[in-house]
2 protein chains.
Amino acid sequence: MLTMQDAIGRLTAYWTDQGCLVVQPMNTEVGAGTLNPATFLRVLGPEPWRVVYVEPSVRPDDSRYGENPNRLQTHTQLQVILKPDPGNPQELYLGSLTALGIDVTAHDVRFVEDNWASPALGAWGLGWEVWLDGLEITQFTYFQQAGGLNLDPPSVEITYGIERIVMALQGVTHFKEIEYAEGVSYGEVFGQSEYEMSRYYLDDADVPANRRLLEIYAAEAQRLIDAGLPVPAHTYVLKCSQAFNVLDSRGAVSTADRAAEFARMRRLAGDVARLWQTRREELGHPLGVVTPLPPAAAEQEAPLGDEPRTLVFEIGTEEMPPAEARAARAQVLRELTERLAGTRLAHGDIRVHATPRRLIAVVAEVAAREDDHVRTVKGPKAAAPQQAVAGFARSQGVAVDSLRTADFGGVPHLVVERHEAGRAAPAVLGEVLAKVAGGLRSAKNMRWSDPNLSFTRPIRWLVALWGDWTVPFTVSALRAGRDTRVLRTAARPRISVASAETFMETLAINGVVADAEDRRELIVTGAQDLVWDTGRIDIAGESALIETITYLVEQPTPLLGTFDERYLELPAAVLTTVMRKHQRYLAVRDADGALLPLFVTVANGQVDVELVRAGNEAVLRARYEDAAFFYRADRQTPPAAMRERLRRLTFTDKLGSMADRADRIAALATSLVSDPSPTLLRAAELVKFDLGAQLVTEMTGLAGVMARDYALHAGESRAVAQAVYEAELPRHAGDELPAGEPGALLSLADRLDLVAGLAATVGLPTGSSDPFAVRRAVLGLIAVHRAHPALSGISLTAALATAAAAQPVDVPERVLADAGDFLARRLEQVLVEEGHPVDRVRAVLPHAGRPAFADLLLAQLGRLVAEREFLALAEAIQRARRIVPDGTAAAYDPALLKEPAEVTLHEAVRAVRAQPAPADLSGFTAVAGRITGPVRAFFDDVFVMADDPAVRAARLGLLACVRDLGADLLDWPRLRL
Amino acid sequence: MLTMQDAIGRLTAYWTDQGCLVVQPMNTEVGAGTLNPATFLRVLGPEPWRVVYVEPSVRPDDSRYGENPNRLQTHTQLQVILKPDPGNPQELYLGSLTALGIDVTAHDVRFVEDNWASPALGAWGLGWEVWLDGLEITQFTYFQQAGGLNLDPPSVEITYGIERIVMALQGVTHFKEIEYAEGVSYGEVFGQSEYEMSRYYLDDADVPANRRLLEIYAAEAQRLIDAGLPVPAHTYVLKCSQAFNVLDSRGAVSTADRAAEFARMRRLAGDVARLWQTRREELGHPLGVVTPLPPAAAEQEAPLGDEPRTLVFEIGTEEMPPAEARAARAQVLRELTERLAGTRLAHGDIRVHATPRRLIAVVAEVAAREDDHVRTVKGPKAAAPQQAVAGFARSQGVAVDSLRTADFGGVPHLVVERHEAGRAAPAVLGEVLAKVAGGLRSAKNMRWSDPNLSFTRPIRWLVALWGDWTVPFTVSALRAGRDTRVLRTAARPRISVASAETFMETLAINGVVADAEDRRELIVTGAQDLVWDTGRIDIAGESALIETITYLVEQPTPLLGTFDERYLELPAAVLTTVMRKHQRYLAVRDADGALLPLFVTVANGQVDVELVRAGNEAVLRARYEDAAFFYRADRQTPPAAMRERLRRLTFTDKLGSMADRADRIAALATSLVSDPSPTLLRAAELVKFDLGAQLVTEMTGLAGVMARDYALHAGESRAVAQAVYEAELPRHAGDELPAGEPGALLSLADRLDLVAGLAATVGLPTGSSDPFAVRRAVLGLIAVHRAHPALSGISLTAALATAAAAQPVDVPERVLADAGDFLARRLEQVLVEEGHPVDRVRAVLPHAGRPAFADLLLAQLGRLVAEREFLALAEAIQRARRIVPDGTAAAYDPALLKEPAEVTLHEAVRAVRAQPAPADLSGFTAVAGRITGPVRAFFDDVFVMADDPAVRAARLGLLACVRDLGADLLDWPRLRL
């Protein structure tokens, strides 16, 4: 059996063979190998660096007394840095798995999007988790920034989680069972330390002592920065980090502390990084300087024949995130279409395909040449002096007698007609494709070894074939050719393609299913086939997941796995969250929709099905075991104790802890109704308590679901349990809404608090940036309000003001107004999208604070606009509104009104105003309908603009009263009749 | 080329193959691999443990900004722990060198005594430095105690100094030039860190901050001990240690701090160790428990023949320290002689030989059997009742009629005569040899894998042959046999010996020169042969070194090496100190005694001479380069600045810093004479300043020598320079003495201060324990005083009181008296050893405080005892002394003296007393000689014990005056005439 120390030894030897230095772990506690100066400092600047080392990584937060099978306060990372990117780091990485004895052709090894950022270090990178049969075994990152500095060249960072890999290889289910060395288990060697250090981090570390340590370390780091010594300064930054983590795991970090500490660490780390970079420069870069890749040289192939041929253009990448692959596909289609349109090259259909590793454009019938073309060059007027004519001919390089005459706006000019031959397809295409490839951008771009390119992940190859010939072009260091790559695990992973026409077939033969629809079909039908006799898969419900999977594999190989039935005792949401979110597995249900102990995973390529199944089953087992562990632990924790833990959780640095937020939600929810029910009062006490649950800490998406479960288990009433669940609804667009009033009130209060606080501190969302999901909260407010007409009396804008008053920060009036406006805009959008005419929507928008009421008005409007009486009334009001100048008060002296028509109208108005104000449009129409005749008569008979100013004022005052009828119900002018 | 990382990899792989776990370096700064819990905690208790790991070891004190070629603030240790001792750890170790590609048969690999102790950890062990061609590459220790706990079983600790090994293998002379990995130098990788961390440790570390850290760490360690958590407590002890080291390297540790810190760390480490041991016991010893080696079973061989044969008895050990080997040889000779005498086995000469690895006893002509013997058992009186007689016969298992009668003090008793046949030699010898082997003890003993044995180093095999046959016996787990071991590097390191008679020859054939005299001869003649044409070796001067070398090798192979002539510019004492003390090389001189750039080293066995020569030359070069580095640095430091550094050096915890001590010496020296010379005054200001020199810090034996050199270099007068040199004299018995008075005064003051302070704090030496060399100091006082008759007026005892008054501690009267007595006893011993008759020595001993004066008196006595006049005078005084009762005052009323003889005596006495007190015996004899006649007449004529008490009193008073004559010069009663 491969022991853990063997595994470390083999990986070290493998990377040493790849030219890596071996250095030692950091001799001060660090949370990850990234913090070791062999990474953090060495990735800076232009010096090359290849290193491999082990890093025992201390995560005080992960302390579990050695009881949790998968979680340790110190786990063992093996860290590799390749600087610069060698161009084939994924292949090198796969080689390291082979060195561990892992048959990568039999297993399902996948690169699954995972971006990394450490704000405290001012560092980020893009990359993947590497999955081995569903198990995350490695973090693979193209390091882009550290200490706030751009990394040039970027480094490849590969971080192996040794315990996880070894557990998988040895098939053990608890880290203590790992065979560390022959005949010696991990538990035997490290068990006591794991327990005792957990005790220290969770229970026994002295908080004031560690606080003092933190201060001393930070001061020492600063002093050393001032002294220009980045190396010792860095060690003190690391000590800061550890002291902070200890305080954090002891629950001793206040909201203010955390924000301040992160800011300080970021600043110190940035100073250290800059200092190091300067110092290395002063030292003349002892390890040399990385030479950027030279630009590629294009090869020219002379095409033969003049027939139109197919164009194939492939951009080969490392695994793109699914969303980016789709976006890139659209971008290539658009760019290619537009740019081809800018040429005179005839062509047929353009189709673009995307897989995780490639974007392929296939253009049918691309002509061999552009059409020939006559270009007319305008010269002087035909009547110009001889000298000017000769000059023009000379400048065009033609004889004077070859000039022709053409009419320009009725004036004859001399012209030269240039017959330009269309260029050959390869030349034209080369220019186009180079621009398409070089212009690729994603939402978040990265750099790699290429000196000029930038994209979501590295572009590694380009194929461009027009018929049998390559289209000769280069983009930075890449040269287009005819070599494509198929699955990395194929016997021949690189293949030369004969012609554009055979390209897709070649890919297909080699297992790459280039078309997403084809892959989706393979996944859906494959999965359904696997389960047809036992259950079913909710294809519609899982469509987003299936879409993601479609872009995770190039050769979908669905396979069925099982898990122990006893896990079905866990809440279904737990099971599906793990399957869907963590593992991208499809859940399998029986005819009633109940979960079966089955799952479908989709491997990439022709793996050893039994092996991969077993691996995925083990991963799921471990995850469910973990979940079960937390679930048991949580169920032993009273809700009140969990609620208490919220004091330790920060909401945002300025808005206090989660407990503060829950308190505000409770107060607000109960204030929204005059007589809160016992259910609401109790649910308000508990609201959000499950954020203190271990399971929810692990899977935040289960907030609410677990609250209901734990509340019931703790003996709360079904109604209370439901209310704390519903308080979290809706969690996303289209999600379930609170059914009961207590849940609805809590849900509203939750979102009101969020919006009020964030609007004042972070600001309202603009564009696509909405880190705290304020937009979703506002949409939730609208949805919940609309779902509860009984609550339509609650004004969200008023409630927002109440929520604002309860924030720990000042929420200015202007911010509240903006937030109300933001709400109105969202409601407008929602209503319009539902198909309501824009004019009616705008007419009811003054009631955006009460969306349910707006709904009511819209519904009535829908009916009333078909009724003459309402139309006449509306027309009367609008007519009055049109004639009355702005600012005219709705008041007049009735004594000045003498004409019968005006007296009649006066009386009608008085009668309407004597009635109680109608609550809705129907009532209003019934009450105010009586004025339509008098208004019409008034306009027929009375000249408003009388010479006598007093009379004129009285008449306008009378009309202003008409104008104001129903002003509290509708924005009448918006209504188009 | 084997890179440094290759070397680490190979050693790790080698030890892994030997069943070692691989663990990671400690993730907090440690000064040595020993501190890693994988050593410090795991050596405790009965659990087995085999581990190998790298430990970057941080020694702030060794910071040199990366400038010194051999010294780093962080060097790389590779640490191996084997628990229990596998029985062949040295062989395993040699295997590891082979794994590194070192041909151990070609190189000179030696195990040179080096014991290890860390008082701060309550830890110690015995073992060796391992030398590779003279270079210390490994520390090899049998770990005996940790945290104050006895280790059972003991562990073998092997610590490789990776940089040194790799520098030797790569043949580079600066650590920065090490090829760390292919194409990358150590300096390129670690140079900046080495510089910056040196800056931190030497210049930039904040002292108050580190002081606070130390306190916090210690408090946290204590809290965790109280919480019963040894693992985190241990990490805090390590942090304490590092913080302390930082403070120390910043020169911020006061004398009081150091003592207190060491005590605290020792206490904390002890608590941690005890706690860990308890905790492991509570956990049921997860790694199991080491099974002690079972007792060996002896094999019986039936000897044939009755002729006397030779006995050979060999005790095979791992390399004994030279002094211990010699002592053990004497012990075996004594024990064997005595124990054989206790048997009835006839035998011839007993000879015992010792080498580093064996003790061999050869006993000639050992009879095949003991003589037969009749043993008489005494029974009841012959006249006893029948019943008693029968009972006796029955108890003896004989018939009543076989009882005989024998006379016991005139009373006939019944007896049984038992004819006991002498036992066969093997049986008798087995008992004797088992006791000799099992009883071996050295001054400092250790334990290893054997459950019952204890000796200076492990005993690994026993050979016991009587003629052709093995003597069957066992000692604990060892069984005597006929297999011996020769050089470890021999083709067949274990050899079976045919017979006792061929044993020595077998050893000789296999290269082992068993006899020390033979080895000495080989060394001396071999060395002389090597240098005969160029220079000479001072065999007499180097005799102690040659004696040591004799016990460092079994097959002496002298070889000649050279060093660069430019090093001859260094002071000769530096060169010889390095050669002699550090390297055990013989220096080579020209006819005038000046050093030549040559040395002789003595390898063990048939090494590759060129290889070993080159290796040793490289080592010497490095050492001289180091020395030259320090020498240059020191010469750039003014003496005053060096003197200032003494403030940082502790003398002892209670007696202040070295600067305090130098201040006291200066004050005392100048107070010893009434009018100190300018030379003395200046030398006193400088005295001991060179203890602040780097070279002296490295080689303390050069104190004084370097002071002279640096003082001259700094422009001090020759006299001053000589005086600061002579202040250190004599450094050992037989050493040079101060020639000038300033030097002598400083030397005396130095030793007086030492004796006064240590007598009060540590106590005067008893037995062989004299850690601070107080005995040597006292002998120095005596020697210096005697060498300077001009200073004979100085009383050492009075000066000791002056010195005592200047100590920072109280020196009680009793202590001073004891110190004076100690001085007197040493003087007595010295004088007697010089051949002075004991009575005369004792007679002058009241002047022990003025040894020069005692010398004068002794010299005079030597002459005077041949002179009648003196003898008569002495006799007269002694006669008076005999008759006068103790306590009689030397006073009388002359008026009561009437008899002529008494009047005559009275007048003679009065005349003598009227003279000035004579300064010495010659003068005294001249002056007091006149009383001899009157005394004789007095005793002839006067009856002292007159009846009249008044008269009697007067006569006794008169005699008392005679008695007291010269009492200030001699202790007259001691003198035997």
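Which residues are linked with A:Arg661 in a network of salt bridges?

**View 1. A salt-bridge network in chain A of the predicted model.** A:Arg661 is linked with A:Arg664, A:Lys688, A:Glu728, A:Asp750, A:Arg751 and A:Asp753. Over all chains, the structure holds 111 salt bridges.

**View 2. The pair A:Asp735 and A:Arg731.** Their side chains meet in a salt bridge, 2.8 Å from N to O. A:Asp735 has a relative accessible area of 13%, so this residue is buried. A:Arg731 stands at 25% and therefore counts as partly exposed.

**View 3. A salt bridge between B:Arg71 and B:Asp626.** The closest N and O atoms are 3.8 Å apart. B:Arg71 sits in the loop between β2 (49-58) and β3 (74-83) of chain B, and B:Asp626 in helix α16 (residues 609-635), so the pair ties together parts that are 555 residues apart in sequence. Both B:Arg71 and B:Asp626 are buried.

**View 4. Helix to helix: B:Asp855 and B:Arg786.** This salt bridge brings the closest N and O atoms to 2.8 Å. B:Asp855 belongs to helix α28 (residues 851-864) of chain B and B:Arg786 to helix α24 (residues 774-787), so the bridge ties together parts 69 residues apart in sequence. At 22% relative accessibility, B:Asp855 counts as partly exposed.

**View 5. Chains A and B superposed.** The same surface serves both: 100% of the contact residues of chain A recur in chain B.

Key. Residues numbered from 1 in each chain as written. Chains lettered and ligands numbered in written order. Predicted model: local features only at pLDDT ≥ 70, side-chain atom pairs only at ≥ 80, totals over all residues. Heavy atoms only, no water. Least-squares fit on C-alpha atoms with pLDDT ≥ 70 in both. Contact = heavy atoms within 4.5 Å. Salt bridge = Lys/Arg side-chain N within 4 Å of Asp/Glu carboxyl O. Buried < 20%, exposed > 50% of the residue type's maximum accessible area, 1.4 Å probe, protein only. Helix = DSSP H or I, 4+ residues; strand = E, 2+ residues; numbered from the N terminus.
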